[in-house]
Amino acid sequence: MAEDEVILLGFWASVFGIRPRIALEEKEVKYEYREELLVGNNKSPLLLQMNPIHKKIPVLIHNGKPICESLIEVEYIDEMWKDKALLLPSDPYERAQARFWADYIDKKLYDPAKKIHITKDDELEAAEKDLIEVLKMLEGVLGDKTYFGGDNFGYLDIALIGFYGWFPTYQTYFNFSIEAECPKIVGWGNRCMQRDSVAKTLPDQRKILELPKLIRQRLGIE
């Protein structure tokens, strides 16, 4: 039987691009990672071909067939390679809850987080309050559990962990301590970093710190 061909198109700092990479690592699936240049007109022909609607990363290509949107990709990976590391809960209610909170992360956390690139002064201050509020809500969901799924690292952990890599950057631009505000979330992130799948995938936080500065300079904010 021929081995599956798995290609992942991504961008090193993307909180969304991290997700399918970690899922593939958890499943021990061999794949080829291709870094995309997302500035200007540098998107690859393969990206434009495989995601002609949104033209965005990440794109998972499995035996020539594209799967788009990071959370959908994680679900696909979980269903496709069932023999290792169940990512979504088997219980229907718990599975629905994991999907709900993953959707909450995308709708409520990403927006204030991305404002470190494009806003300043009052708007930045408002975004800081929104970010803290969302993280506190997620901390309530986590509670005293090891991972969001209890003892098992899974879908919701994968949905959030990409943002953890940006925590030092958020603290720099928003001027607050996430550990002071949300110590359980920071503790959870530290536990996740002890997993090989996460440690080898998340980018260097010092490198991330430079990215908003470059974007803000390009936009004339700094």
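Helices (H or I, at least four residues) and strands (E, at least two) are DSSP runs, numbered from the N terminus. This is a predicted model, in which local features need pLDDT of at least 70 and side-chain atom pairs count only at pLDDT 80 or more, while totals for chains, interfaces and linings use all residues. Residues are numbered from 1 along each chain as its sequence is written, and side-chain values use heavy atoms, with hydrogens and water left out.

**Overall build**

- The protein has 11 helices and 4 strands. Its radius of gyration is 18 Å, close to the 17 Å that the globule rule gives for 222 residues, so the protein is as compact as a globular protein of that length. The radius is taken over C-alpha atoms, and the rule is 2.2 Å times the number of residues to the power 0.38.
- Along the principal axes, the C-alpha atoms fill a box of roughly 60 × 45 × 25 Å.
- Of the contacts (heavy atoms within 4.5 Å) with a separation of 6 or more, 71% are between residues 24 or more positions apart.
- Buried residues make up 47% of the 222 residues. Buried means under 20% relative accessible area, exposed over 50%, and partly exposed in between (1.4 Å probe, protein chains only).

**Helix α6**

- Helix α6 (residues 155-164) is mostly covered, with 10 of its 10 residues buried.
- Among the buried residues of α6 are D157, G162, F163 and Y164.

**Aromatic rings**

- The whole structure holds 11 aromatic pairs. Rings of Phe, Tyr and Trp (its six-membered ring) pair if their centres lie within 6.5 Å; planes under 30 degrees apart count as stacked, over 60 as edge-to-face and the rest as tilted.
- Y170 and F174 form a tilted pair, 6.5 Å centre to centre with 40° between the planes. Because they are 4 residues apart in helix α7 (residues 167-174), about one helical turn separates Y170 and F174. Both Y170 and F174 are buried.
- A cluster linked by ring pairs includes Y164, W166, F167, Y170, F174 and F176.

**Backbone details**

- The peptide bond from I57 to P58 is cis, with omega near -5°. P58 sits in the loop between α2 (45-50) and β3 (59-62).
- N63, in the loop between β3 and β4 (65-68), has a positive phi near 50° although it is not glycine. At 41% relative accessibility, N63 counts as partly exposed.
- N175, also not a glycine, has a positive phi of about 60°. N175 lies in the loop between α7 and α8 (178-181) and is exposed, with a relative accessible area of 68%.
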